[in-house]
Amino acid sequence: MSWQTYVDEHLMCDIDGQGQHLTAASIVGHDGSVWAQSSSFPQFKPQEITDIMKDFEEPGHLAPTGLHLGGTKYMVIQGEAGAVIRGKKGSGGITIKKTGQALVFGIYEEPVTPGQCNMVVERLGDYLVDQGLFHSMCWERVGLSVSGSEVMFKSEEITAIMSDFDEPGTLAPTGLHLGGTKYMVIQGEAGAVIRGKKGPGGVTVKKTNQALIIGIYDEPMTPGQCNMIVERLGDYLMDQGL
């Protein structure tokens with residue numbers, strides 16, 4: 001499901017079957033990048049997102065100045081420290097739910113109530129966190145071995161792989177170790193893809209913004225086939241902001 005679908009079907013949904021909807025909604029990365037939004041969501045300033053993030057880190061930061069979004073000022077009301085910020089302006093208001101990597105926004109006006117907005121926004125935020133879609137660290141494994149068996153790796157093996165992405169070449173002297181198996185590091189793409197070979201098989205590791213996609217293969221699968229599968233998924237996830 002795309003981020004836009006989450007906005008369209010879960011945030012801008014018909015609330016309680018009463019024909020009522022939020023005025024605007026969005027999913028925004030902690031860095032201020034828009035992952036998806038309704039057409040009615042206001043054009044905000046980067047500083048406004050910075051201030052909101054600051055309030056999550058230091059609850060109460062927005063209280064003296066109010067919460068500003070798209071030039072509109074909301075009075076900050078009781079939320080949940082570090083997790084939910086709520087604001088009020090006249091007959092409407094705003095709810096912001098913080099997840100590991102994004103902010104879920106909902107803006108409402110009467111007849112939608114504050115409680116209804118809270119429910120819609122926080123329910124989606126909680127759901128996405130439960131699904132692991134917004135965890136700050138998310139390791140993805142893609143098993144491509146002909147046996148279909150899983151590889152149980154050690155945390156230090158992942159640390160070593162991450163070090164090679166940060167400083168290409170660090171694995172060359174020792175090899176790439178995964179699940180106790182040692183692979184000879186072969187030509188990859190510095191900072192993006194690590195490839196290893198062991199006998200008739202090997203491994204491909206694709207780094208995205210938040211995860212590692214790991215594929216292990218043996219004959220009759222070829223290195224090129226493994227590379228294509230792993231890197232295609234990695235490229236797709238990066239296009240989705242993951």
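Reply: Helix α1 passes helix α3 in a right-handed crossing. A crossing counts as right-handed if the near helix is turned clockwise from the far one by less than a right angle, and left-handed if anticlockwise. The model is predicted: local features need pLDDT of at least 70, side-chain atom pairs count only at pLDDT 80 or more, and totals for chains, interfaces and linings use all residues. Residues are numbered from 1 along each chain as its sequence is written, and side-chain values use heavy atoms, with hydrogens and water left out.

Helices (H or I, at least four residues) and strands (E, at least two) are DSSP runs, numbered from the N terminus. α1 covers residues 3-11 and α3 residues 114-130; their axes come within 10 Å and cross at roughly 135 degrees. Axes are lines fitted to C-alpha atoms, for helices over the stretch in contact; angles run from 0 to 180 degrees between N-to-C directions. α1 and α3 are therefore oblique to each other. The classes are roughly parallel under 35 degrees, roughly antiparallel over 145, roughly perpendicular from 65 to 115, and oblique for the rest.

On the α1 side, Tyr6, His10 and Leu11 make the contact; on the α3 side, Val120, Val121, Leu124, Tyr127 and Leu128 do. Contact means heavy atoms within 4.5 Å. By class, this contact has 7 nonpolar residues, 1 polar and no charged. Ala, Val, Leu, Ile, Met, Phe, Trp, Tyr, Cys and Pro count as nonpolar, Asp, Glu, Lys and Arg as charged, and the others, Gly among them, as polar.

Now the sheet. An open sheet of 7 strands runs in the order β2-β1-β7-β6-β5-β4-β3, with antiparallel pairing. Two strands pair if DSSP finds at least two bridges between them. β2 (34-37) and β3 (67-69) are at the edges with a single partner strand each, so one side of each has no neighbour in the sheet. From one strand to the next, the twist averages 25 degrees. Strand β1 (residues 24-29) is joined to β2 by 3 bridges, and the two run antiparallel. Ile27 stands opposite Ala36 in β2.

Helix α2 (residues 46-57) packs on this sheet. α2 touches β1, β3, β5 (84-89), β6 (92-98) and β7 (102-108), and its direction makes about 105 degrees with that of β7. α3 packs on the sheet too, touching β1, β4 (72-80), β5, β6 and β7. The direction of α3 makes about 160 degrees with that of β7.

Between β7 and α3 there is a loop, and Pro111 lies in it. A cis peptide bond joins Glu110 to Pro111, with omega about 15 degrees.
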